[in-house]
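Reader: Could you walk me through this one while I have it open? I'll ask things as they come up.

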Amino acid sequence: MKFGVVVFPGSNCDYDAYFIMKKILGVETTFLFHKDTSLKDCNAVILPGGFSYGDYLRTGSIARFSPIMNEVIKFANNGGLVLGICNGFQILCESNLLPGVLMKNENLRFRCFDVNLKVLNNQTPFTKECGPGEILTIPIAHGEGNYFANKETIKELEDNDQIVFKYCNEYGEITNDSNPNGSVMNIAGVCNQRKNVFGLMPHPERCSDRTLGNTDGLKIFKSIINNFN
Amino acid sequence: MFLVKIFIKRRRSILDPQGKAVEHRINSLGYKNVSSVRIDKYIELELNENDFTKAKNNVEKICNDLLANPHLEDYSFELTKK
């Protein structure tokens, strides 16, 4: 199998994602440039974190119209696996591949620390390595991670088990204090109805190398790989 | 040719934390009579089109596709013949 990591002008977690897939997990991985018009036969695509196009206009709004995104959208609509991390999540929302939108953090602060995440759905292609209700510790680093969707959309997300991760405390309780950015219902990650597109604000690629003392992020990447074994 | 002035406003039902922060600072400067500060976007562009209806349709499409996010924002615009 082969992974593709998309590089937009302003992506800055592209090499981290590439490193984890290629060096830690030993999977064939290639970069996909924003001007590319082919996914180079990749079986799964990662939209990495960063500040594509300087976050101008709205986060992800300009990247969404990059030539490579036409291919990513086609791929996703055909059932291909697409993971969006942080800015990648913002781009997936702007592309309408995921519902909702990510706004400026309610407290206006850039939040950068480890958070606890409760796994609400461990049956997606991205979370099968997680236990039901497992608590993962994964770092966040964002200024615009305040997830918002209207009531009808939230109800649909709940009814279809599309809310994958919620911010929680160390005991797995979904509390206001554990919500770092004001996201509605503490939502940290959602997938589409078909479960083949997943976006999250936390950075699993920053906790997937034993040298860094935490490998919770590996569960997401291993889950993706296991879909092809 | 049209000069297009586009106003993009975040829906009033959605909290605008930037506006709130600026409002607090204005209040702290002594202007206690200021409230409901909102920070919105103003975009200006020139459109090389002579037909008003075509120009209007063009701008609407640009707003819907890129400039405004339908989950959060409403837009309005003015066309002025140049």
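Reader: Which residue of chain A does Glu73(B) form a salt bridge with?

Author: Glu73(B) pairs with Arg58(A), and their closest N and O atoms are 3.8 Å apart; a salt bridge here is a side-chain nitrogen of Lys or Arg within 4 Å of a carboxyl oxygen of Asp or Glu. This is a predicted model, where local features need pLDDT of at least 70 and side-chain atom pairs count only at pLDDT 80 or more, while totals for chains, interfaces and linings use all residues. Residues are numbered from 1 along each chain as its sequence is written, chains are lettered from A in the order in which they are written, and side-chain values use heavy atoms, with hydrogens and water left out.

Reader: How many salt bridges cross between chain A and chain B, and how much area is buried there?

Author: The rule finds one salt bridge across that interface. About 1200 Å² is buried between chain A and chain B, with 69% of this given by carbon and sulfur atoms; buried area is the accessible area (1.4 Å probe) that two parts lose on being put together, summed over both. The contact (heavy atoms within 4.5 Å) takes 14 residues from chain A and 16 residues from chain B.

Reader: And how many salt bridges over all chains?

Author: The structure holds 14. Among them is Glu144(A) with Lys104(A), whose closest N and O atoms are 3.7 Å apart. These two link distant parts of the chain, 40 residues apart, with Glu144(A) in the loop between β7 (135-142) and β8 (146-148) and Lys104(A) in the loop between β5 (101-103) and β6 (111-119) of chain A; helices (H or I, at least four residues) and strands (E, at least two) are DSSP runs, numbered from the N terminus.

Reader: Switching topic, what is phi of Asp55(A), and where does that residue lie?

Author: Phi of Asp55(A) is near 60°, a positive value in a residue other than glycine, and Asp55(A) lies in the loop between β3 (44-47) and α2 (67-77) of chain A. Met185(A) also has a positive phi, near 55°, and is found in the loop between β9 (163-168) and β10 (187-191) of chain A.
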